[in-house]
Amino acid sequence: MVRWVRVNSIHPGYIETAMTNYASEATGRTKEELNNAYPLGRMGKTEEVAHAVVFLASDESSFTTGAEFVIDGGATAR
């Protein structure tokens, strides 16, 4: 019996967490400046990354492998 291992990855941009709050303070950049770095005009939310994780862990992604899920509000599309 052949078993296949699916390998996918998630690449988030800045996600609004305590760590980004710290980064804002440490770099002297305001949250507004961080938000403006993204074409969508805001940082991501933890739930938005969680939705991708749930999808990849579900049977709905049974034919998905070798995929890179970029969740960065369009930053890499610039």
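Biologist: Which residues of helix H1 are buried?
Modeller: This is a predicted model. Helix H1 spans residues 18–27. A residue is called buried when its relative accessible area is under 20%. In H1, that label goes to Thr 20, Ala 23 and Ser 24.

Biologist: What arc do Thr 20, Ala 23 and Ser 24 cover around the axis of H1?
Modeller: An α-helix has 3.6 residues a turn, so residues three or four places apart point the same way.

Biologist: Which helix is included in what covers the buried residues of H1?
Modeller: The buried residues of H1 are Thr 20, Ala 23 and Ser 24. Their cover includes residues 31–36, which form helix H2.

Biologist: Is Ser 61 buried or exposed?
Modeller: Ser 61 lies in the loop between H3 and S2. Its relative accessible area is 0%. The cut-off for burial is under 20%, so Ser 61 is buried.

Biologist: Which residues does Ser 61 touch, leaving out those up to four places away in sequence?
Modeller: Ser 61 is in a loop, yet buried. Beyond its sequence neighbours up to four places away, Ser 61 touches Arg 6, Phe 55 and Leu 56.

Biologist: Phe 63 is in the loop between H3 and S2; is Phe 63 buried or exposed?
Modeller: That loop runs between helix H3 (46–57) and strand S2 (68–71). The relative accessible area of Phe 63 is 83%. The cut-off is over 50%, so Phe 63 is exposed.

Biologist: How many Å apart in space are Phe 63 and Met 1, C-alpha to C-alpha?
Modeller: In sequence, Phe 63 and Met 1 are 62 residues apart. In space, C-alpha to C-alpha, their separation is 18 Å.

Biologist: What pattern does the chain follow along the sequence?
Modeller: The chain has 3 helices and 2 strands. Read in sequence order, they give β-α-α-α-β.

Biologist: What is the radius of gyration of the chain?
Modeller: The globule rule gives 12 Å for 78 residues. The chain is well over that, so it is more spread out than a compact globule. Its C-alpha atoms fill a box of roughly 55 × 25 × 15 Å. The radius of gyration is 16 Å.

How values were computed. Residues numbered from 1 in each chain as written. Predicted model: local features only at pLDDT ≥ 70, side-chain atom pairs only at ≥ 80, totals over all residues. Heavy atoms only, no water. Helix = DSSP H or I, 4+ residues; strand = E, 2+ residues; numbered from the N terminus. Rg over C-alpha atoms; globule rule 2.2 N^0.38 Å. Buried < 20%, exposed > 50% of the residue type's maximum accessible area, 1.4 Å probe, protein only. Contact = heavy atoms within 4.5 Å.
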